[in-house]
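Morning, everyone. I'll be quick.

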Amino acid sequence: MERFRADQHVDTLPEVSLDALARAGIRGIVVDLDNTVCAYHRPELAPGVAEWVAAARDRGFALVLVSNNFSERVALVGAQLGIPVVPNALKPLPFAFLRALKLLRTPRRATVVIGDQLFTDVLGAKLVGCRTILTTPLVAHDFPLTRVLRFLERTLAGRT
Ligand SMILES: [Mg+2]
């Protein structure tokens, strides 16, 4: 169960203290895209994200965006933030995290993964031995689940 427990919780990415990361010996930062940096399927950055990333880069942190999304959007957001990307990540499988660690050139224990999902970001990070910070999803992305539940409701009510 330890694998499903983040080391720290924050509401939003810009709330992550760069001072605290530096004090903890962190030098590499893996950031999730959907619902961490941008609202689900939206192109625009959430408030404060660009400034936080710029501050982290200025301080010498290495950053990489790792996303299960495969759209051009991942590359566009990476370019906007000036950091490399690993799309099609298939988190929580370890391949993309290992690729990210190579890009960052930081040891696993000096690397933190920041994202909004336990089953992808936190579990995947734990599997490769990185630190983890769980964010609150920018937008509740239960839309597909909501649709399934509504379908079940209709079925049970005999309305399909
Ligand atoms: Mg996410």
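**Strand 3 and its surroundings**

L65 has V85 as its bridge partner in strand 4. Keep in mind that this is a predicted model. Strand 4 covers residues 85-86, and two bridges join strand 3 to it, with the two running parallel. How does the chain get from strand 3 to strand 4? It goes through helix 3, residues 72-81, and this β-α-β crossover is right-handed.

Now the other neighbour. Strand 2, residues 28-31, pairs with strand 3 in the parallel sense, over four bridges. Here L65 in strand 3 is the bridge partner of V31.

Strand 5 is residues 111-115, and its pairing with strand 2 is parallel over four bridges.

What is the strand order? It is 1-6-5-2-3-4, six strands in an open sheet, and the pairing is parallel. At the edges sit strand 1, residues 8-10, and strand 4, each pairing on one side only. Helix 4, residues 95-104, packs on this sheet. It touches strand 2, strand 3, strand 4 and strand 5, and its direction makes about 155° with that of strand 3.

Back to strand 3. Why call it largely enclosed by the rest of the structure? Because five of its five residues, 62-66, are buried. A62, V64 and V66 point one way; L63 and L65 point the other way; all are buried. In a regular strand, side chains alternate between the two faces of the sheet.

Next, the core. The largest nonpolar core holds 40 residues. V30, L63, V64, L65, V66 and A100 have the most contacts inside it. Take V64. Leaving aside neighbours within four places in sequence, its contacts are V30, I83, P84, V85, V86, A100, L103 and L104. As a general point, nonpolar side chains in soluble globular proteins tend to be buried together.

Last stop, C38. It lies in the loop between strand 2 and helix 2. Is C38 buried or exposed? Buried, because 22 other C-beta atoms lie within 10 Å, and the cut-off for buried is 20 or more. With neighbours within four places in sequence left aside, C38 is in contact with L33, P43, E44, L45, A46 and V77.

Technical notes
Residues numbered from 1 in each chain as written. Predicted model: local features only at pLDDT ≥ 70, side-chain atom pairs only at ≥ 80, totals over all residues. Core = buried A, V, L, I, M, F, W, Y, C linked by C-beta atoms within 7 Å. Buried ≥ 20, exposed ≤ 12 C-beta atoms within 10 Å, placed from the backbone. Contact = placed C-beta atoms within 7 Å. Pairing = 2+ DSSP bridges. Right-handed = clockwise from strand over helix to strand, strands pointing away. Axes fitted to C-alpha atoms, helices over the stretch in contact; angles between N-to-C directions.
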